[in-house]
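I'll jot down what I look up as I go.

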Amino acid sequence: MAFDDIDTAGVARTIARLLARPEDAADAYFERIEEVALPADGKAPGFRVRFEEGLAVRLERGEQSWLATADRIDGRALTEAVRRVARTQPRAELPDPRFSLAPPAPAEADEVLGFPSAVRQAVRERQASLPVGLDVKRHRRTLLVVGARIASPIEREAFYSVTASTPHGRWGGLFTTLDDAAATHVARALVRAWRSREAEPPEPWSGPCVLGPEAAAVLLHEAVAHALEADTLALGGHPEAAVGVRLGAEHVSVIDDPSAAPQPVRRTVDDEGTPVLRRWLVRDGTVEQPLCDRAWAATSERLAAGAGRRGGRHQAPVPRSHHLELVAGEHTEEELLADAEDGLYLPSVSRGHLDPHAGTFELRFPNALRIQNRVASTPTGPCVLRGRIGDLLSAVVAIGSEVRPAGAGWCAKGGVRMPVWATVPAIRVEGLQVTAP
Amino acid sequence: MVNDPFRSDPPRDDRAPSDRQRGDKRGEALAETLSVLEGAGWPEAEVYAKTGRSRTFVVEGSRLISTVRREEGWAVRAGDPRRSFFYAATGTPRPDAPWPEADGEGLRLPSPRPVARWTAPADLDAPLVGENDALALIRGIGRALDTELPGARLIRAVLDDGASEAQLLSSRSMAARTRQRVAILRLEAGKQKLAARVHVEALAREARLLNPVALARRLADRLLVAERGETPVRDRGEILLAPPVAARLLAGLVPLWLGPSAAGQALGELHGRLGGKPLTLIDNGRLPGGLVEAPVDGEGVTARGVRLVAEGVAQQPLLAWWQTPRQPGLASGCSQRPSWRDLPRPGPTHFFLTPSPETSVADLVADLSRGYYLLDAEGEARINPGGDRFALPVCGFSIDRGHASGAVTGAELVGSIRALLRGILATARDLTFLPAAGGMVGAPTVLVRGLELVRRPS
């Protein structure tokens with residue numbers, strides 16, 4: 001199995017040669033990626049497989065870090081990378097550590113091949129007739145972090161990404177299994193876009209809105225998780241200054257817990273080899289523990305590492321969320337709708353954006369439903385929800401009781417793309433501005 | 001005839017012996033892998049390999065992240081008229097790779113054509129920037145910025161310096177090799193008591209060619225505008241667009257010239273008049289001195305310059321070889337392949353509005369009796385080809401009788417695409433390129449009429 005045959009003791013000895021000062025820390029990161037893709041009909045070439053393996057060696061010294069990467073895993077690549085980050089060259093050559101990795105196996109992905117027809121069938125079952133183009137990919141990633149003293153457990157992630165396009169819109173998202181429920185989920189989004197294809201955008205609105213779990217997850221990701229990343233907080237001062245700041249009402253608690261993510265993407269350590277935490281980003285409306293990697297955590301005793309993520313071996317770790325949770329409230333979804341008469345039900349987001357300098361966020365919705373007689377029924381066209389981060393959690397007036405995995409998608413910040421996951425209920429917000437795009 | 005651009009004029013090979021040895025081995029592995037694919041009965045097979053080395057320095061205050069990357073990967077496209085597959089992997093090409101089962105669409109690859117003589121630029125071989133030189137450049141910009149505008153400070157600098165080499169062999173006897181070398185510097189600056197941050201980006205073949213004082217002046221100009229600027233409610237007239245503004249607008253228009261149908265839909269009939277004489281648009285993969293100049297594109301097809309618009313009259317869209325099977329002479333070698341992971345796709349190479357060598361920027365400013373000189377774009381252009389409208393967040397100066405009379409910020413340049421193309425009155429000589437749309441998009445300073453400056457929506 002990948003990485004089981006890496007001589008971690010030999011790697012640790014090699015890495016340890018980098019440590020010249022008491023404050024130094026060093027690690028080696030090994031990564032294997034397999035991506036199997038089935039492009040939409042009409043696109044050549046057909047079946048596509050990408051296989052990557054490589055390593056990164058890093059030395060951290062106070063506020064400085066040096067990273068050397070390679071697109072192969074062998075003893076020579078490791079020692080070359082060590083030599084490139086070393087501040088002082090070792091007096092004696094070390095033998096290259098032993099590696100014996102199994103070559104990649106032929107990629108088979110029957111579940112990927114069968115998914116487009118499952119989605120088309122689910123669309124037809126909803127009495128909709130529309131051409132659907134589907135790009136389906138399976139992603140597998142195995143990683144191992146070896147420090148100078150300790151090696152982390154081998155971590156594995158497996159998930160699927162789906163992009164569906166019709167003449168009336170595009171939908172994209174991530175799944176941990178490609179089953180009937182996933183096909184139904186995609187079909188629902190496509191049919192909703194089809195039914196709202198000629199609907200007018202809603203009039204400007206700041207009354208009650210109910211965000212379905214998928215939309216609530218993206219809202220929390222943009223306006224809570226990104227806002228509480230140590231590197232984002234550092235734009236306005238030291239990240240620890242955020243601890244204790246009241247962000248919203250007492251009924252709002254947001255957690256990042258990679259160990260509670262859906263099983264195929266569940267993690268015990270982050271991409272720096274640090275054990276993950278059940279991290280209360282916001283507890284009872286107050287900021288408790290921002291997202292930190294090892295470098296930011298080293299700047300304050302009040303900050304904890306465990307949220308370091310890498311876009312890949314060629315990128316340095318950055319603080320990011322992995323799996324967000326919103327602590328459930330007491331309202332059923334029916335109750336949330338009942339108190340939002342004439343308001344908007346916002347099921348899913350096409351795009352989210354946080355402006356850390358201005359302290360504002362923006363979510364774009366491909367469509368919405370007007371709530372009438374306690375039911376989200378009348379389709380409307382696309383709309384945008386904008387607000388200030390400081391006002392967001394105060395605007396959450398009610399939280400649903402039914403949490404579910406939702407809103408999984410790609411997060412692209414600073415040009416680095418990572419999958420993110422969430423388990424959240426629906427929420428009702430008031431006082432946020434919804435306008436036409 | 002094979003498309004080996006270096007066959008008649010081989011470059012000096014001054015790679016380190018270990019790198020040269022690896023390169024030779026890679027060439028052998030490429031040929032062996034192609035041979036295996038042909039032996040397996042695939043009539044269309046292509047093996048592509050790319051290696052790269054780069055250094056990145058991220059400086060934020062006293063924080064430094066220094067990265068040295070060695071990237072190497074390869075890819076195979078193989079198929080017949082009915083089915084095909086794509087396999088990509090890190091490392092050196094492997095003839096025994098676990099090929100996926102062919103499926104889906106058939107595949108066709110380009111055939112070789114004669115390649116005009118090509119001499120690789122000498123500075124492709126320049127060494128990558130070292131840590132001391134990189135930090136000296138960034139600190140030099142910081143010092144120059146403080147001199148230009150006391151109280152201003154560099155908040156973040158990211159210097160990327162990289163070189164790459166790609167090789168390609170196909171069952172149609174295509175053989176090509178290309179090299180590239182680019183340094184990109186991205187800067188973010190701020191000033192005391194000013195909430196806004198400003199961003200500036202600069203490119204050069206080598207990092208040592210970046211001028212710290214000129215960059216500091218650009219940042220200082222932008223900060224002054226952000227600090228003192230006012231937002232016009234709505235105004236129009238003659239407007240000068242500095243290269244970063246004009247190129248950003250042009251980048252948004254690139255899709256209008258991509259592919260046979262895009263051009264037809266967006267611009268109406270070819271050979272129709274789109275604008276005045278100063279409107280000449282060219283795409284040229286071989287542009288001398290261009291940052292991505294190369295003899296062939298990502299599929300080994302000969303790169304050449306094509307006039308897309310000549311003196312205001314539409315000539316042809318930008319076409320890859322497979323998009324114009326009946327008129328192969330219209331194809332220009334414009335298949336992009338940013339990485340070994342990527343499939344080739346049509347896109348701009350050096351896509352630019354031609355400059356006027358005899359006109360300086362100062363001439364255009366002096367001739368402007370009343371209007372605006374827009375220095376920079378503060379975001380991407382929003383373009384709606386269907387609605388023929390665009391909006392670009394901008395900043396700059398208002399101009400009165402050839403002199404700056406005030407700073408402008410929080411504004412958007414808006415108008416129709418047709419009005420933009422028709423409204424180009426003159427261009428200056430200062431052609432400048434930006435990385436955009438997967439290639440390089442360039443423009444000189446442009447004088448336009450018929451556009452509006454409005455308050456940016458909050």
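My entries below go from a helix to a domain pair to a chain pair.

**Ground rules.** I'm working with a predicted model, where local features need pLDDT of at least 70, side-chain atom pairs count only at pLDDT 80 or more, and totals for chains, interfaces and linings use all residues. Residues are numbered from 1 along each chain as its sequence is written, chains are lettered from A and ligands numbered from 1 in the order in which they are written, and side-chain values use heavy atoms, with hydrogens and water left out.

**Entry 1: a helix in chain A.** I looked up helix 2 of chain A, residues 75-85 (helices are DSSP runs of H or I, at least four residues; strands are runs of E, at least two; both are numbered from the N terminus). Eight of its eleven residues are buried, so helix 2 of chain A is largely enclosed by the rest of the structure. Buried means under 20% relative accessible area, with a 1.4 Å probe and protein chains only. Among the buried ones I noted A:Gly75, A:Leu78, A:Glu80 and A:Val85.

**Entry 2: two domains in chain B.** I found 41 residues of domain 1 of chain B in contact with 40 of domain 2 of chain B (contact: heavy atoms within 4.5 Å). About 3100 Å² is buried between these domains, 63% of it from carbon and sulfur atoms. Buried area is the accessible area (1.4 Å probe) that two parts lose on being put together, summed over both. B:Trp118, B:Arg222 and B:Val225 supply 22% of what domain 1 of chain B buries here, more than any other three residues.

Which residue does B:Arg222 form a salt bridge with? I found B:Glu378, with the closest N and O atoms 3.7 Å apart. The rule wants a side-chain nitrogen of Lys or Arg within 4 Å of a carboxyl oxygen of Asp or Glu. Between the two domains of chain B, the count is six salt bridges.

**Entry 3: chain A against chain B.** Here 41 residues of chain A are in contact with 38 of chain B. The two chains bury about 3400 Å² between them, 48% of it on carbon and sulfur atoms. I counted three salt bridges between the chains. B:Arg341 and A:Glu52 meet in a salt bridge at 2.6 Å, N to O. Strand 2 (47-61), strand 3 (64-70), helix 2 and helix 7 (294-297) of chain A each give two or more residues to the side that touches chain B.

Definitions and conventions
Buried < 20%, exposed > 50% of the residue type's maximum accessible area, 1.4 Å probe, protein only.
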